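Here is a short report on one protein model. Look at the structure first, then read on.

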Amino acid sequence: MSGSCSVFHLAQEEDDRHFEMGDYEGPVARWCSGCGDHSVLTAVRRLLADEQLQPENTVFVSGIGCSSRFPHYLSTYGFHGIHGRALPLSTGVKLSRPELRVFVVMGDGDCVSIGAAHWIHAIRYNVDMVALLLDNNIYGLTKKQTSPTTPQGYSTNTQPRGSYLPAMNPLEATLGVTNASFVAQTAEWVPAHLFATLKAAYRHRGFSFVRILQRCPHFTADMYGEAVKNPGMVELLVHDQGIVAPEIDAMFEHKRPHDPSDLDEARALAEDMNQIRLGLFFRDESHPRYEETRSLPHHTAADKIRILEEEFDRYAV
Amino acid sequence: MAMKLQTVGPGKSPGAAAGSARVHRTRDHSVEIVSDSGEGAQKCGQIFGAVSAKMGNGVWTVEIIPAEVEPPPRSIAGASGIRIRLGDGPVTNWGDETDLVMAFNEQVLLGRHRLNALAPGATILLEDQWATHPDDAVRAQWDAAMEELGEAGYRIIGVPMEEICLTQVENARKGKNMFALGLLTWIFERDVDRVKEQIAHTFRTKPQKVVDKNFALLELGVQWAGENLDFRVEVPTATEVGDLVVMNGNEAIALGAVASGMELAAMYPITPATSVSHHLGEVFERFGGIVHQAEDEIAAAGVAIGASYAGKCAFTITSGPGLALKTEFLGLAVMTETPLVLVDVQRGGPSTGLPTKVEQSDLLAALFGQPGDAPKIVLAPATIEECFHAMITARRLAEIFRTVVIVLSDANLATGVAPFPRPEAREAWQAGPPDQSAVPEQGRPYDWDPRTGLSDRFIPGRPGGMHTVTGLAHDERSKVAYDSASNQRASEMRSRKLAAFQSTLLPPEINGADSGDLLIVGWGSTRGAIEEAVERCRGEGLAVSSLHLTFLSPLEPGLTEIFKRFRKVMTVEINYSDRADAPFVTSENRRRGQLSWLLRATTLVDVDCWTRVLGEPLRPSAIARAIRENLPGGAP
Ligand SMILES: Cc1ncc(C[n+]2csc(CCOP(=O)(O)OP(=O)(O)O)c2C)c(N)n1
Ligand code: SF4
Ligand SMILES: [Mg+2]
């Protein structure tokens, strides 16, 4: 690698290294045993190896929460930020180094509550990155407080008589924002679907928003218990342009064909909270990506000085 | 006694004719042009200021901005305009009071009068159509204003601006400013061709017929003044005018950012910082730079930190309320040792405060605003020229010391316009491309040099350097570390960087004798006014000196030793402090100027303070008065 321009082409450069899943492994993850975050970590490592991502050109950005420990357990670059603010950090990374592969990991409090403004705007910016919402419907790290996605009536430490408000629906919200370009839902307890969804999200050019239903056995063991045991409770969205995971075909009896280019149907399906649906709700690659819209030709230091002199001329007396 | 308006005009002249006007020679003269907003007073003043600088005068211009975008016309609070101070040498501040005023109506004039902006005996050229206006209410306002102004002893000369401008334009509101420029051109004997050149430059994007109209109005002004005015003003000009540029502090910050090689400015609009992004918005893309208007100030800080983390130092621009919002992210940048430049163009606070007015009230928030110990570098440019260089310095320091550098500018610098020597841009000012070299084997992301706390940064793309930075306590390998020894050591290392940096700084220079009765200490935009006041007082024989700090964190070295050579040390600042003799106030509970808190704590010297929050820059005369009153043992 030489010269200043080479950094813009790194990811495309030929690489004779071969990466195995183990090459992305960091220190042992310290989540509770049975925590759904473990499954997501495994699926992500599998994706990294499957896509042969160069560890030095891959960045995982997170906020604060159990789920946000994620980058520590990988051997790529990582930025474990502050609560709710992973998206501004990742946007900055991509604006300055668009060639880096960026993943964002957030919890439901992180993304849907304290980081809500950034989440809404990140959808609109449509920067090319994969944003994972690890939704356990609870604040895990701070020990069982109500989150915006906690079901109404569910008892927590801050609302022991049950949460007062109906749960917020992150899919519906995401699909309502201008420029939404990839919106999917998966569950960490269906590894094949999780992996296929991550893969599709990574392959999508734009802001890929994936809500991952995540078990938190420590605080909300009852939350998805039924659905885990009984796949009949889950409906798969199927389409040849959607999430394609033949391994699980036999597992789920309820399948609904859904064309991911149909935004109206996507919204209607997302809105209905009585049914757990996994699959690709919406994809539209036509939206411009912010970092490309803002991308500019590179200038050398000497170029810049020449232009600066022209600027001084404007102010000269 | 009601003011009698001097009505002059062809045939009614008080005897003036070109050539016979009395010439008032002075080394220092201030002019104001005040109007309703939208009447172009500022453009008139800017052109006049630029031409004056070209002709060899020292110049400082400052805009008079009403709080609302479009205040009702002819309102006292709606005065919009500009002050231009001319000198025979460099002018470093807005001065005291105005000697000459062009007012487009008597209400805005009254507004300036009530703010004590006009010198006793000032000359005022006032649009006189209002005296005979068909509306009774307007005439009544005029009469009342004349009554009030009459007390002050101004010389008010009526000028039929409207009448004359209507010969050229349909709407005189759009022409009076160029007519007024003509008056100024004649009074100060400015070169008419140069004025035209500047007009053409200012309206370069407009069709030629607009420029021609403005030339015609200018000439009418020159002609009217020649036929009717009986005075001129001469401020000697320097013969040698080197290469100069003229701009305001925000433009200087924008260009400084460009010169530093930074390529990303993340911001959220807030007065008086926003115009930095306006200037950048205009030019930054030509340099390959992005102005990212984020969804809020928090996001703006995050985007800048993300960009810096990825290897290209970025900056964020804000004012007080935005600084408050960025607090948590500043802590993260300090903790992860990610370079970040933050520009705070200070305004009156707390809360929404005085959005368009100057204050220096964010000093302690900049130093200590983060919960936990968050050592960072804080510096404050004192002049418009320094605004430019501050950005270049800030970028370098942020990268070398892997920390946050806060640049404290303020509304006075942001809107003040002054010429300064044209910088010679250097490649060395710019950041190089991100380091993509492989990390040495066994390298650690925080391999702190135990003496200096410095370490090499492993930015994404560097093979072998993969690690996760975190706002949690961590060790040299960036591993989360909750143990006591690691936290103590990491805190020491982050702090050590400031001491190491301070060891490279020189003690501040003293303006005046290096010992005496009183030492005034200032920081930021007050430098010009303080030094002018100190010079005046030294001229009166007082043993006063001053010292101005650029670095507030770490403080410049040698202060204790310098302070000990003076009988008294006092800061002069634009922020709030209790008067020492106010009810209930004791020397223990007195709330002091922000720099004086800092200096008392660091030097153990009993540093006093004199501070004001008047929503305007300090006037040299007010500082001089404070000096006389605070001289130990009293003025001789
Ligand atoms: C500004 C701020 N407020 C509050 C917290 C405390 N806090 C840490 S994590 C968290 C919520 C975590 O819940 P979630 O985002 O759902 O992540 P999970 O732990 O469930 O994965 C909170 C409130 C914090 N770290 N920072
Ligand atoms: S508390 Fe819940 S979310 Fe957090 S690690 Fe344990 S199981 Fe996972
Ligand atoms: Mg959660």
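## A buried strand

This model is predicted. Start with strand β4 of chain A, residues 129-135. Seven of its seven residues are buried, so the strand is largely enclosed by the rest of the structure.

Which way do the residues of β4(A) point? A:M129, A:A131, A:L133 and A:D135 point one way. A:V130, A:L132 and A:L134 point the other way. In a regular strand, side chains alternate between the two faces of the sheet.

## Its partner strands

β4(A) pairs with β3 of chain A, residues 101-107. Five bridges join them, and the two run parallel. Here A:G107 stands opposite A:L134.

β4(A) also pairs with β6 of chain A, residues 207-213. Seven bridges link these strands, which run parallel. A:M129 has A:F207 in β6(A) as its bridge partner.

## The magnesium site

Which residues coordinate the magnesium ion, ligand 3? They are A:D108 (OD), A:N136 (OD1) and A:I138 (O), at 2.0 to 2.2 Å. Their spacing in sequence is D-x27-N-x1-I. A:D108 lies in helix α3 of chain A, and A:N136 in the loop between β4 and α5, so the pair ties together parts that are 28 residues apart in sequence.

Both of these residues are buried. A:D108 has a relative accessible area of 2%. For A:N136 the value is 6%. Buried means under 20%, so each counts.

## Around ligand 2

A:N136 also belongs to the surroundings of ligand 2. Others there include A:W31, A:C32, A:C35, A:C66, A:H218 and A:F219. By type, the shell has seven nonpolar residues, three polar and no charged.

Terms used. Residues numbered from 1 in each chain as written. Chains lettered and ligands numbered in written order. Predicted model: local features only at pLDDT ≥ 70, side-chain atom pairs only at ≥ 80, totals over all residues. Heavy atoms only, no water. Near = heavy atom within 4 Å. Nonpolar A, V, L, I, M, F, W, Y, C, P; charged D, E, K, R; others polar. Buried < 20%, exposed > 50% of the residue type's maximum accessible area, 1.4 Å probe, protein only. Helix = DSSP H or I, 4+ residues; strand = E, 2+ residues; numbered from the N terminus. Pairing = 2+ DSSP bridges. Donors = N, O, S within 2.8 Å, 3.2 Å for Na, K, Ca; no water.
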